[in-house]
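Take a look at the model below. We will walk from a loop to the ligand, and then to a pair of helices.

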Amino acid sequence: MAATETTRPDLSGSAFLRAARGEPVPHTPVWFMRQAGRSLPEYLKVREGTGMLESCMDPGLVVEITLQPVRRYGVDAAIFFSDIVLPLKAVGVDLDIKPGVGPVVARPVRTLADVEAIPDLTPEHVPFISQAVRGLVGELGSTPLIGFAGAPFTVASYLVEGGPSKEHAKTKAMMFGAPDVWDALMRKIAGISAAYLDVQVAAGASAVQLFDSWAGALTPADYAAHVMPHSARVLAAAGELGVPRIHFGVGTSNLLTLMGEAGADVVGVDWRTPLASAIPQVGDRGVQGNLDPTLVFAPTDVMTARAAEVIEAGRAAKGHIFNLGHGVIPSTDPDQLKRLTEFVQSYPV
Ligand code: CP3
């Protein structure tokens, strides 16, 4: 991949990349899950009249929306504006992202034939992604770009349920009751997610995050038997690309060790698990997180006191990347996120 690497700016001083590799940092790096999107007025303005998936396929819009939070907050990393179901859409799965609802799949996957009807992803399916990433890397300068994909379990949940789900009952019923269909589906999604990350890194993304947002629905034994090997395949493929890998899920206090062992350099932790208990679980890896996303609605001094506790706890980790414990809540005041960013970046290391 030498041809693409030569176009990459020098990011050796990046606090985000240094923390991800467990190297000393000039300050605690900070970015926010869902920083690109709904809470910014400038986002709502450029998105006016354009559907979510349509926006993800428009490189000009993707570049603009990805840059907006970097300009406004000065965060230490950009997250690529896309969605975990975008690669499925790109290979031809009939789905939409409904405002306020999330991904909705027209014909949910139930049988082996349904799985086999989903094509594998090739770079030809997503030329607009390569174009957007290349444009971004040029504009971002010394700020690294995080590429991302959905982990097989979380993506499978949307495909099998047909939309957002609390219990993931149909998904887990397939996992428990139809192991051949489950295995084929997980292999299919793992291949698509790995190929999607490959495209983003080949075009210049400097790190990747694998989102297994709904893995917290599983027991450790079921995660280890039915999910982890497939996520591990995606993370191993990303590891071959030489970029740091962040592995995140919600409600995963009982899965953090396994999520690290799946092949992560950094394990993302939601706000329910104190970093002090997460760090021994992830061992010789970094952690990312984990301020409660509702704390930005509290008075600034309350928010920053809690942020300080997170930073202090993070000192025990091999590397710490500050983030919220899940995505930015849409009604968040951007000025408060700006204050939080400045607080974290100026906190003594
Ligand atoms: O800023 C960023 O984080 C980058 C963009 C991003 C989006 N989705 C844009 C988006 C990322 C990283 C995602 C990942 C994603 N998508 C996940 C994993 C992260 C997580 O939050 O746990 C999941 C589970 C999805 C599926 C999905 N897509 C959901 C649950 C929703 C929200 C539904 C809603 O509106 O409440 C979406 C839609 C979506 N993805 C929006 C954005 C900006 C909102 C759509 C819009 O603005 O019209």
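Where is the place of Arg34? Arg34 sits in the loop between α2 and α3. Helices (H or I, at least four residues) and strands (E, at least two) are DSSP runs, numbered from the N terminus. Arg34 is not a glycine, yet its phi is positive, about 65°. Ala36 is found in the loop between α2 (15-20) and α3 (41-47) as well.

A word on the source. This is a predicted model, in which local features need pLDDT of at least 70, side-chain atom pairs count only at pLDDT 80 or more, and totals for chains, interfaces and linings use all residues. Residues are numbered from 1 along each chain as its sequence is written.

Now the ligand. It is surrounded by 22 residues. The closest are Ala36, Gly37, Gly102, Phe211 and Ser213. A residue is near a molecule if its C-beta atom, placed from the backbone, lies within 6 Å of it. By class, this shell holds twelve nonpolar, seven polar and three charged residues. Ala, Val, Leu, Ile, Met, Phe, Trp, Tyr, Cys and Pro count as nonpolar; Asp, Glu, Lys and Arg count as charged; the others, Gly among them, count as polar.

UniProt's unreviewed entry has a "binding site" annotation, which covers Arg34, Gln35, Ala36, Gly37, Arg38, Asp83, Tyr158, Ser213 and His326. These are spread over 293 residues of sequence, and in space by up to 22.5 Å between C-alpha atoms. UniProt annotations may be inferred rather than shown by experiment. The unreviewed entry also lists residues 29-38 and 146-162 for "domain: Uroporphyrinogen decarboxylase (URO-D)". Residues 29-38 are 0% helix and 0% strand, with end C-alpha atoms 23 Å apart. Residues 146-162 are 59% helix and 29% strand, and their end C-alpha atoms lie 28 Å apart.

Next, a helix pair. Two packed helices are described by the angle between their axes and the distance between the axes. For helix α15 (residues 300-314) and helix α16 (residues 334-346), the axes come within 10 Å and cross at roughly 40°. Axes are lines fitted to C-alpha atoms, for helices over the stretch in contact, and angles run from 0 to 180 degrees between N-to-C directions. The helices α15 and α16 are therefore oblique to each other (under 35 degrees is roughly parallel, over 145 roughly antiparallel, 65 to 115 roughly perpendicular, the rest oblique). The residues of the contact of α15 with α16 divide into six nonpolar, three polar and one charged.

The peptide bond from Gly289 to Asn290 is cis, with omega near -10°. Asn290 lies in strand β8 (residues 286-291).
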